Amino acid sequence: MLPPAPQEPDVARWRWLQQQLAARGERRLVVVEGEPAPALDWLRQELPTLAMENGVWTGAAGASPDPRLTPVLPRKARQWLGRELDVVVWDGWHGNPPDGLAALAGTLKAGGLLFWLMPPLTRWATFEDPDYARTGLEGCEHHPFAARLSAILAASPSVIRINPAQGECAVLPRLEHPPQPFAIAETADQHRVVEAIVRTGQGRRRRPLVITADRGRGKSAALGIAAVRLLQQGRRHVVVTAPSVEAAETVFRHACLAAGENLLEQGNAGELRLRDGGCLSYLPPDQLLARAPEAELVLVDEAAALPTERLTRILAGWPRVVFASTVHGYEGSGRGFAIRFRQVLDARTPQWRQVTLQAPIRWADSDPLEPLISELFLLHADAPAEVPADGEVTITPWAPARASEQERAAAFGLLVNAHYRTTPADLRQWLDDPDAVSWRLTVGGQLAGVLWASKEGALEPALAEQVMRGERRVRGHLLAQSLANHSGFPEAACYTWLRVVRVAVSEHCRSRGYGQQLVNTACAYAARQQFDGLGTSFGGNEPLIRFWQRTGLALARPGMTREASTGEYPIQMLRGVSARGEDLLHRIRQRLAEHWLALVPLYWRDTEPALIGLLTAELAAEQCLSAEDRRDLDSFASGHRGFELMVPVLRKVSLGQAAAEVLGEHEDAHLWIRRVVQGWSWPELQSAGVCKGARDGEQRLRRMAGTVLAHARNL
């Protein structure tokens, strides 16, 4: 055992603790309870004695308790992913966005201390967190999420608590000295991953590698070490991409160490050159795709933070790619990434491989902070491993805030596995939102699905009018507000809606109709509660749109810019459950159809044609073609009228049921959508390999026009 910690002065005890934690490879959470002023005074006395090369402060810029701390806004804390810190001082009095707090906890290295300034634990459930207003949670009398956090912290023996306002002296843990001081060293896990990366970089084309790991396992270090190995063995250029250059710092730091005397220079903007000419360089994802540099290997770090659409383009753009992702990330679920992106890998590169890092490298197995943060934010929540193939299917109302921890973790695990970007912030919203309603579906008593919805709308007419004009924004009314502002119908904000926030079904029992049953249950609830409709908003892709179509929802609004989180265009779909709700949906869709053919070339010109075809068919209606339209179509189909003269008519019929039926099955639907609906030129189509040129493309469109005309005659 170590000798007792020194008793005087108090600051010497904290320095002693920091040293012992470093020797053991551990970190600690220190909850500084009580009013902000005495807490800050205490920190100003204590922090200067600590060893600190890198630290951050999340409170007011002018109130930092130590000049060595770098100010960072709580909501931007995730930008520090990939870096290593000695000290984090998190000022909870200025807001506690869960994603940011969990992310910064993951940046602490061995010996690190996380100071969390907050009211006493007994007051957390009623504390009006400044971050609540950002997500519409302000004004609630009770916050189950914060109450749950405080209960976990109060029960944890690893948490150090102090209340300076009461003159308390923190009880520091007495730590047994390890036989061998902790040191960061390559683990067998990491060695295996480095070898796998090298084999990928030297091996056959189109066999990508996926690396998954919890944070602190050394995956970024493995990328840097392997990159230098490849350059030393003859590769000339390796590119690393990540959400930010700061997130790639660990890759370059370990690459420098691995290069040793062979390092020629390291540029300031993420570039490393070896004496024999090899180069490791960083490019942001958008610049990587825009410049398309020649590279024998592309390394994608923090892949879960990038949209699937970008990952797919990187996969297609280079012959050898390595994707590295945290399994339980704070920037988005690594498991959601793995499940969703796996479908792309299976389809495009079926010989892809996966390796996993298990052993921590930046801290010891005995570190208590990692399991504590995981418990606080359910980072290791997982869906039930097995669901009966048959058994009684039951759907019941369910409140996650009142459920047992085991039930809650299983349900949240379903959301994590099913959705690309389920984060700790979603857990807080689910538990705290007073307008949330949820259902759980069980098969033979085993959890198989959940649906989480939220009540929206019912705004006053004057406020709804301001929302429609873009003069006001109202938190917590995503769907109602968007329909009023973007679609131009102020009454949409006055009506009441039930928005499906998440619906998830266990991977083991999909395609059984369980998701549709959950949505139907929510829809029946909305009708009983005299709502006007049920709706949802999601990142648009074909499978999801088809799912919502099967549940009876119809397209109401597509977004005009891709979401940063998914890389997909947001899609909003509705189902009216009252007469006025159905009437409003009809008018919204009618107006969207009137504008559709003008909007597509402006905002969705480069969108996947299959998706545009699906949305166009969604808006298709019966058409009564004039005699002139039929004559023009017949002349074009028979080769007597040029394409340029036919564009207005071809675009018009694209929104008819006849064209929708033909485009749904025709082998040249891709060409029709690109040329007629999205407005691509013949040279663009030829360059993309869609057609051989204008003559070939026009002949194929003539045949399609004839088929459309024949279908129109039969309708």
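Colleague: Helix 15 first. Which of its residues are buried?

Modeller: Leu479, Ala480, Gln481, Ser482, Leu483 and Ala484. Buried means under 20% relative accessible area, exposed over 50%, and partly exposed in between, with a 1.4 Å probe and protein chains only. Helices (H or I, at least four residues) and strands (E, at least two) are DSSP runs numbered from the N terminus.

Colleague: What kind of model is it, and what counts?

Modeller: It is a predicted model: local features need pLDDT of at least 70, side-chain atom pairs count only at pLDDT 80 or more, and totals for chains, interfaces and linings use all residues. Residues are numbered from 1 along each chain as its sequence is written, and side-chain values use heavy atoms, with hydrogens and water left out.

Colleague: Back to helix 15. Why is it described as largely enclosed?

Modeller: Because six of the eight residues in helix 15 (residues 478-485) are buried.

Colleague: Switching to rings. How many aromatic pairs?

Modeller: The count is 18. Rings of Phe, Tyr and Trp (its six-membered ring) pair if their centres lie within 6.5 Å; planes under 30 degrees apart are stacked, over 60 edge-to-face, the rest tilted. Take Trp42 and Phe115: centres 6.3 Å apart, planes at 65°, so edge-to-face.

Colleague: Where do those two lie?

Modeller: Trp42 is in helix 2 (residues 36-46) and Phe115 in strand 5 (residues 108-118), so the pair ties together parts 73 residues apart in sequence.

Colleague: Are they buried or exposed?

Modeller: Trp42 is buried at 9% relative accessible area. Phe115 is buried too, at 0%.

Colleague: New topic. At what angle do the axes of helix 20 and helix 24 cross?

Modeller: Roughly 80°, and the axes of helix 20 (residues 609-619) and helix 24 (residues 669-677) come within 9 Å. Axes are lines fitted to C-alpha atoms, for helices over the stretch in contact, with angles from 0 to 180 degrees between N-to-C directions. The two helices are therefore roughly perpendicular; that label covers 65 to 115 degrees, while under 35 is roughly parallel, over 145 roughly antiparallel and the rest oblique.

Colleague: Which residues make the contact?

Modeller: Pro609, Ile612, Gly613 and Thr616 of helix 20, with His670, Ile673, Arg674 and Val677 of helix 24. Contact means heavy atoms within 4.5 Å.

Colleague: Last one. What is the phi of Ala292?

Modeller: About 45°, positive although Ala292 is not a glycine. Ala292 sits in the loop between helix 8 (285-291) and strand 12 (297-300). Ala292 is partly exposed, at 48% relative accessible area.
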